[in-house]
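Hi there,

Here is the structure I promised to pass along. Please have a look when you get a moment, and then read on for my notes.

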Amino acid sequence: MLVPGSYEHEHPAAQAAERGLTSLNIPMIQPLREQAAACFGNTMRSSTPTYFSLCLIAVLGCVLFSSKSVHAEPSDSSASTSEAAGYWVANEHGVSIRKAELGIAGHFKLGSWTEVRLTVESEEFMNALPKVSIIALDSDGVPTEIIAPGPEEQVANAFFYRVPVKIGRRDSNLKFRFITGEGSSEKTSIREVAVSQLAKPVAASNRLFLQIGPDIGLGEALNRYASDLSDSTTFVALSDPFQLPGEWYLLEGVDHVIWSANDPAQLASMKPQQLAALERWLKLGGKMTLSVGDQSADLIGEGKPLAPFCPGTFREVQQLRSTTELEALINTVARVDSPVNKPLPVAAIQDTSGIVVVQEGSRQAAIPLWIRSANGFGVVEFFAFDLSEKPIADWAGREPLLKLLLDGISDRLDESKVSMQSGSSVAHFGYTDIAGQLRMALDQFPGVRSVSFFLIGAIIIAYLALIGPGDYFFLRKVGLRMEWTWVTFPAVILLASAGIWSLATWWKGTSLKMNHVEVVDIDMESQLVRSTSWFHLFSPDSQRYEVDLQPTTLPSSKWNELVSWQGLAGSGLGGMSARQSISTVPTPYQVDFTHTDDTTQVSLQGLPIQIWSSKTLMGRGWGSLNKTEYEPLNERESQLIEGVLTNPTDMELTDCYVFHGRWAYFVAKLPANGTARIVPGQSAQNTEKVLKRRRVQESTDGGELWDRQSTDVQRIMEVTMFHSAAGGRSYTSLSNRFQSYVDLSSHIDGDRAVLVGKVKNPPSKIQVDGQEVDDDQAQSWSYVRIIYPVQKRSPSEIAQR
């Protein structure tokens, strides 16, 4: 006999079914059980469970069957391993994905442009090429769609595509979409795959180092390096040169390239377009370590492929026996040539630029071994010997030498200089990178008031009081019957709703608002111009917008512009490494690439912004400087400089500072297309003092403390543009890794000087739906930085003085 409320006397088959259902790891089963328990209560514990369990088995069978039919893979025996990743949402073309790759060397950085390489096969594509697009999530979890250009290569019925993509969520999926036909004849195939199955995501606040060529031991030195650098750096080796993209911005996520280039055959395997992309990436702010050796004549000689990367003119290859200066640099007694007893092949470079870190020989016949030089807006660490081959490879001093190299590119935190105001990092502020503080500051719009939780709670309590006891006492007070509540109750609701809506409109406004920061950089020597823009849009309604960035006063005839979303680095609330949130916008907006007249223009089409919320966007532009005549500055004693400052723009620069070495010079105004002069007697200030806003009466270690909660955009930009020169993390307690190319501190040293000045009107105009945002609804901060070459005194001039 069955006892109600007990399982002991159930039918054995029912018990087995129940235990089987419980053990299955299927998310939908537990809710079914809980809902059934809520509906039937103790009935589930009576004889009913036998019947109910059998019903659950039937439901489960239907669910599993439908699930398999939805996620079924195409029965294509030729499918590769990549075909097994992900699943087909729809496959009306019978597509087979032979290969799908993301990023470089199996890695990509969140929030930076990278590349998807896709090889697909379909008989139907032979008759009509499909419209191929990739859908990825931005940092807010909103899908973006990028339409691929035509196939780069076609072999039989297989098509190869290279598609730029920007991914904003670590735990997200990519969708590959193929569409042919229109209207009733349209066919769609969609394959969805997790990004982690294609490549490993690298956090936006971490570094990504790319090794090209033989290993030089930097990865091992990095792992043993006792600093913050080892914990925040991903080191990868390029196994296939084919993975290098043909556009420089697809290398945006790479922070440093380490290239052991002593093999002409390896160089021959790269396409000219890939080398041009690497060179452009370097000149627009990349950082590279280049090592050459006995094959230098075929690599960096005149007219050779790597000559643009060399900080001077190649003369010849010399066999160097004496390396005392190199050994003294790392304080070691181990000779370079002792392990193999043969000389060190060295590329002799003349007319060098930058800083010679170490050289061998006399002053008249010196051979530079390590040169740190600017190349456009980028920096090259050039080694005139091969770090991957003997005798250096067997030299005991190679790893200390590499650690010395890493010292120069590290942003280690000097705990002794960190102020007590640093506190907890991401938990309190939501960011650990200075780009996050700029993002927070730009999210403050004039006329948009923040509403506290206390005020919202007070409004809710007042509303409940009105519709409850307030309505009752009102009817009692005026002597009306309680039936009148059918009139007063909805009237109170309508009045309260109208009042709350009016209050919200007064708080948030009814106009589209914008905050915009732009920095334009000009390198007089390489005749390059680049711009970086950050802008936030605040929408009064839930609407989709078309966003474009157009140059107005930029000194370049052919201008390229990339407009895209910008994410928050880190794992804090809203960060790209945080847990993924479900987006309320299912329809993607389009990132539109247009290539015309050797220029690239990218705009946003159908960008959704919810009511009374903002969207963080950014733009990166580049082009060649219009022909400008200028004179290099001259360095005198103690790194003091003099000369003529040339302004190649149509913009007047005000409140200017010129930084060179440890000195800063104030220039009140630099006229549009005009000049100003720095004279030897002009008052010079200390660079760090200026950037930290120290005052004369303060102590040596004093100065204005960095406020990590400040929303002063002007002050944030002052430090962002020269973060390392201002003290770096030791001063701000914030890193500058996400967009480190904005920092021009490395160009202050050596044979360069950097002028920075303010501009009244932005050099670029942001167009929303084809129109500019009203001036009274927009705030803007604009800066121009000009890099001038500095001629240092020759050794003979120094001797004469």
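**Salt bridges**

Lys-758 and Asp-655 are joined by a salt bridge between their side chains, with 3.9 Å from N to O. This pair ties together distant parts of the chain: Lys-758 belongs to strand E34 (residues 752-759) and Asp-655 to strand E30 (residues 653-660), 103 residues apart. Lys-758 counts as partly exposed because its relative accessibility is 24%. Asp-655 is partly exposed too, at a relative accessible area of 40%. Elsewhere, salt bridges with shared partners bring Lys-99, Glu-101, Glu-115, Arg-117, Glu-152 and Arg-162 into one network. Before you go further, please keep in mind that this is a predicted model.

Another salt bridge pairs Arg-785 with Asp-521, and here the closest N and O atoms are 2.7 Å apart. This one also links distant parts of the chain, with Arg-785 in strand E37 (residues 778-791) and Asp-521 in strand E21 (residues 513-523), 264 residues apart. Are these two residues, Arg-785 and Asp-521, buried or exposed? Both are buried.

Arg-315 and Glu-316 form a salt bridge as well, their closest N and O atoms lying 4.0 Å apart. Arg-315 is partly exposed, at 40% relative accessibility, and Glu-316 is partly exposed with a relative accessible area of 37%. Searching the whole structure gives 27 salt bridges.

**Helix H15 and the nonpolar patch**

On the surface you will find a nonpolar patch made of Phe-474, Val-478, Leu-480, Trp-484, Trp-486 and Val-487, which together have about 670 Å² of accessible area. Which helices supply at least two residues each to the patch? They are H14 (453-478) and H15 (485-508).

Val-487 sits in H15 and is partly exposed, since its relative accessibility is 47%. Other residues of H15 are buried, namely Thr-488, Ala-496, Ala-504 and Trp-507. The buried residues of this helix pack against H14. As a background point, an α-helix has 3.6 residues a turn, so residues three or four places apart point the same way.

Just after H15 comes Gly-509, which has a positive phi of about 85°.

**Around His-536**

His-536 lies in strand E22 (residues 528-539). Why does His-536 count as buried? Its relative accessible area is 1%, and buried means under 20%. The His-536 side chain makes a polar contact of 3.1 Å with the side chain of Asp-443. If you set aside neighbours within four places in sequence, the residues in contact with His-536 are Arg-439, Leu-442, Asp-443, Phe-445, Lys-513, Met-514, Asn-515, Lys-615 and Thr-616.

**The chain as a whole**

To put these sites in context, the chain has 19 helices and 37 strands. It is made of 801 residues, of which 49% count as buried. Among contacts between residues at least 6 apart in sequence, 72% join residues at least 24 apart. The chain exposes about 37000 Å², with carbon and sulfur atoms supplying 52% of that area.

Happy to talk any of this through.

Best wishes

Technical notes:
Residues numbered from 1 in each chain as written. Predicted model: local features only at pLDDT ≥ 70, side-chain atom pairs only at ≥ 80, totals over all residues. Heavy atoms only, no water. Patch = residues over 30% accessible without salt bridge, like charges linked within 9 Å, V, L, I, M, F, W, Y side chains within 5 Å. Areas by Shrake-Rupley, 256 points an atom, 1.4 Å probe, with all protein chains shown as cover. Helix = DSSP H or I, 4+ residues; strand = E, 2+ residues; numbered from the N terminus. Buried < 20%, exposed > 50% of the residue type's maximum accessible area, 1.4 Å probe, protein only. Contact = heavy atoms within 4.5 Å. Polar contact = N/O pair within 3.5 Å; in protein donor to acceptor, adjacent residues only side chain to side chain.
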